[in-house]
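Welcome! Here is a short briefing to read alongside the sequence and the model.

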Amino acid sequence: MTDAAISERKETGESGPREDFLVLDSVSQHFDLGTGFFGRGSRGVIKAVDNVSLSIRQGEILGLVGESGCGKTTLSRTIMQIIRPTSGRIFLEGKELSSLSDREVRHERINFQMIFQDPYASLNPRMTVFDALAEAIRTRHPGVRGTALRERVVELLRLVGLSPAQMKKYPHEFSGGQRQRVAIARALAPEPKLIIADEPVSALDVSIQSQILNLLKKLRRDMGLTMIFISHDLSVVRYIADRIAVMYLGRIVELGDAETVVDDPLHIYTRALMSAIPQPDPRIERSRKRVILKGDPPSPLNPPTGCSFWPRSPIPHDERMKVVEPELVEFHPGHFAHDCPFCLQRAA
Amino acid sequence: MSGSVEAVLGADEDVGREPATPEIERGASLWRDAWHRLGKNKLALISLFVFIAIALFCVVGPFLSPWDSQQQDLMIGAQGPSATHWFGTDTLGRDLMVRVMEGGRISLMVGLIATLVALLIGVLYGATAGYLGGKTDAVMMRLVDILYALPFTIFVILLMVAFGRSLWLMFVAIGFVEWLSMARIVRSGVMALRKQEFIEAAVSLGYSHRRIILKHLIPNVLGPVIVVATLTVPAVMLLEAFLSFLGLGVQPPNASWGVLINEGQQNMEIFPWLLIFPAFFFALTLFSLNFLGDGLRDALDPKSARD
């Protein structure tokens, strides 16, 4: 299946898929809470994204998973340059986005677009579907109007499976699934190469989720899009992603091919996430072993030192790993994990 | 003949259209929904008609009346309502109906223009503060707080002393006070919207700040702004009446409803009609604008209406 996926990618790209399509080089996003009212004492720094390095192939779907508050959304906003990174560099097709001025970034934006989580909040309630799409189309083709514009809008609506007859309607006249299709059409309107989907199905009904997932898969296949798919739901990510990155407290703790990460996870955090997926078969479900984590995720305002997972791990850490920060190490070809001997241990 | 031409044109249009495109369905904008809801609110609708009627009475009325508001007739003095002078005459023998009409013109003009001034400054100031946020916002809003704390009457008296009395100065003075609450409302609205995903979407699509403010932010805060503006008009008219009552506002021979009411109350026991007519129109206008504002709030924000 992996080979098939790769050959599929070769067909879509003209000169073969680019390995370094999107590169994150030690990207951090720290929020300084500032000083007190009279400048006395810092209130601290939140390390929402901490030293993340990642390389994404052209045409692949990278799944980004982690529990809420782990920095998935902040990372997506950072890649989108909605919030500029505190440190580190971001390259899209070799072009460094993080060093561009605000004005230059605005012109680059047609190449990378975002699909938001809540389709009820991501569309301007005062604009018709036609107006919203037309506005987005003009970001790449400023001069287009009249019949040509209309044709392009109709084409986009057909692409995402909406009837062009509905283009003069307002967002509140659509269902959640239809709105998410409008939002996807809007993200596709500037003809981007990279799409970041931030929990695009978590606000939707389960029966609608699969429709949207299949639409995204189809768009990737037909248009050769590269996609970062963010979710806290591993069963969804397993279905759509080629590779999976697992995030914990602003860092990537495991990265590898989707099947390997799901079937043979290295890090105990990934194993805990995997064991939380309910199995549809009652016999397997009954024998499902759960890795139970202790407590809540720690506050990123005051994160634990060393292997940040030690306060929650069922396996006790020694004093060294409570101080030394583990590195992301390649254990098998293409399969990376945080090099903490305790987190990598299989629980008895 | 003409029927066949139409048929040919119609056919042409069909060819130009996407063959599989069915009839385009018209969407219902939120504005249209709001208008529809307002139409169902009897009290608001009646208020709207009453207000329009009063405005027409004041604007068109003086042209139809045989009397001139400045024309004095000391021989007749103050007379009660009669067939020749429907509302009676004042102590100088001037026709009260024309005086009420022209006073209404000034009162309404002050109300509308001062509100417009407040609207313009308030929306721009508030939207800028809310959109920029951070330190700029803090400084801008502290300035508003300071201006809020200034006693209004002293401020107006100072202005009158410095620049002399004029109608335009009054627009400025009142507008200058009323824009403060407008700015606060717009700012809080914009700040709430800025966190919404559709604004983030507009940013990530690379739209300019101008486009984001004008097409995405302002249309979405306009609802509460319209409501506040409607409720500001009567507040401004009251302020004008208050200033005129103190002798700081409109100067004779011009009159506003506030001036007329002031004159009326001085002779209230002997010539009650001098108080009753201007007070009646003034109260009616205030009522209708307040009911209209309430109706608009319910229509534009149906969620709050159910509470």
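The expected span of a helix is 1.5 Å times one less than its number of residues. Helices (H or I, at least four residues) and strands (E, at least two) are DSSP runs, numbered from the N terminus. This is a predicted model, where local features need pLDDT of at least 70 and side-chain atom pairs count only at pLDDT 80 or more, while totals for chains, interfaces and linings use all residues. Residues are numbered from 1 along each chain as its sequence is written, with chains lettered from A and ligands numbered from 1 in the order in which they are written.

**Helix α6 of chain A**
- Helix α6(A) covers residues 176-188, and its 13 residues should span 18 Å at 1.5 Å a residue, which agrees with the 18 Å between its end C-alpha atoms.
- This helix is largely enclosed by the rest of the structure, because 11 of its 13 residues are buried (20 or more other C-beta atoms within 10 Å of a residue's own, C-beta atoms being placed from the backbone).
- Among the buried residues of α6(A) are A:Gln178, A:Val182, A:Ile184 and A:Leu188.
- The cover over them includes β6 (112-115), α4 (129-137), α5 (146-159), β7 (194-198) and α7 (206-223) of chain A.

**A sheet in chain A**
- Four strands form an open sheet in the order β2-β1-β4-β5 (chain A), with antiparallel pairing (two strands pair if DSSP finds at least two bridges between them).
- At the edges lie β2 (45-56) and β5 (95-96) of chain A, each pairing on one side only.
- Strand β4(A), residues 87-92, is joined to β5(A) by two bridges, and A:Phe91 has A:Glu96 in β5(A) as its bridge partner.

**Nonpolar cores**
- A nonpolar core is a set of buried Ala, Val, Leu, Ile, Met, Phe, Trp, Tyr and Cys residues joined through C-beta atoms within 7 Å.
- The largest core has 98 residues, and those touching the most other members include A:Leu133, A:Ala185 and A:Tyr269.
- Helix α4(A) supplies the largest share of this core, seven residues.
- A second, separate core of 62 residues includes B:Val98, B:Ala235, B:Val259 and B:Leu292.

**Where the chains meet**
- Chain B has 23 residues in contact with 29 residues of chain A (C-beta atoms, placed from the backbone, within 7 Å).
- On the side of chain B that touches chain A, α8 (197-204) and α9 (209-246) of chain B each supply at least two residues.
- The most comes from α8(B), with six residues.

Terms used: Contact = placed C-beta atoms within 7 Å. Buried ≥ 20, exposed ≤ 12 C-beta atoms within 10 Å, placed from the backbone.
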